Amino acid sequence: MDPPLDEALAAPQAAALDTALACLDAASSGKITAAPACAYAPGGETGVKLAAAQAAQIAKPAYWRSRASEIDNLPASASQLRTARKTFGDLPLVVLARSDAAQATAAQHLASLSTRGRSVALPDTGLPLLFAQPEAVSAAVLQVLEALEKPQP
């Protein structure tokens with residue numbers, strides 16, 4: 001990974017860590033419901049049972065300690081991945097990412113690991129792409145499957 005990519009990802013990572021630590025404080029003090037940045041989207045997208053499970057999950061300080069640790073260790077994890085990574089050769093690859101600069105940069109870098117890789121920027125809805133834009137995810141999977149069936153020129 002090149003330095004511009006690391007720099008592009010540093011600010012979003014710092015912001016995510018700050019949010020996770022603030023949510024840890026809110027959960028530890030029993031005031032998680034008063035912290036909108038810590039809440040999942042209302043249950044309309046996920047359903048009543050999943051929304052209730054998510055609400056119970058975010059109320060636990062252990063969840064936020066784990067989340068903060070995950071975010072804090074992203075650079076070490078990325079370094080390990082860079083050390084172990086090989087190219088994908090000519091394997092078809094479609095990388096979906098949110099359209100913000102850091103996500104787009106990371107997606108382009110990942111897509112460049114294949115000679116048939118491409119990145120697609122999708123609008124950020126605040127939800128995981130799989131839930132927010134299932135049609136785009138399905139289309140990307142179908143594109144990869146179709147590319148696997150076509151002989152490489």
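Which residues are buried in helix H2 (residues 48-58)? In this predicted model, they are Ala 51, Gln 54 and Ile 58. Seen down the axis of H2, the buried residues fall within an arc of 65 degrees, so they line one face of the helix. An α-helix has 3.6 residues a turn, so residues three or four places apart point the same way. The opposite side of H2 looks outward: the face turned away from the buried side carries the exposed residues Val 48 and Lys 49.

The structure holds one disulfide. Its partners are Cys 23 and Cys 38, with sulfur atoms 1.9 Å apart. Cys 23 belongs to helix H1 (residues 3-28), while Cys 38 sits in the loop between H1 and H2, so the pair ties together parts that are 15 residues apart in sequence. The torsion about the S-S bond is about -100 degrees, so the disulfide is left-handed. Both ends are hidden. Cys 23 has a relative accessibility of 1% and counts as buried. Cys 38 is also buried, at 5%.

In soluble globular proteins, nonpolar side chains tend to be buried together.

Ile 32 links several of these parts. Leaving aside residues up to four places away in sequence, Ile 32 touches Cys 23, Ala 26, Ala 27, Cys 38, Ile 58, Ala 59 and Trp 64. Among them are both disulfide partners, Cys 23 and Cys 38, and Ile 58, one of the buried residues of H2.

Terms used
Residues are numbered from 1 along each chain as its sequence is written. This is a predicted model: local features need pLDDT of at least 70, side-chain atom pairs count only at pLDDT 80 or more; totals for chains, interfaces and linings use all residues. Side-chain values use heavy atoms; hydrogens and water are left out. Buried means under 20% relative accessible area, exposed over 50%, partly exposed in between (1.4 Å probe, protein chains only). Helices (H or I, at least four residues) and strands (E, at least two) are DSSP runs, numbered from the N terminus. The arc is that of the directions from the helix axis to the C-beta atoms. A disulfide is a pair of cysteine sulfur atoms within 2.5 Å. Contact means heavy atoms within 4.5 Å.
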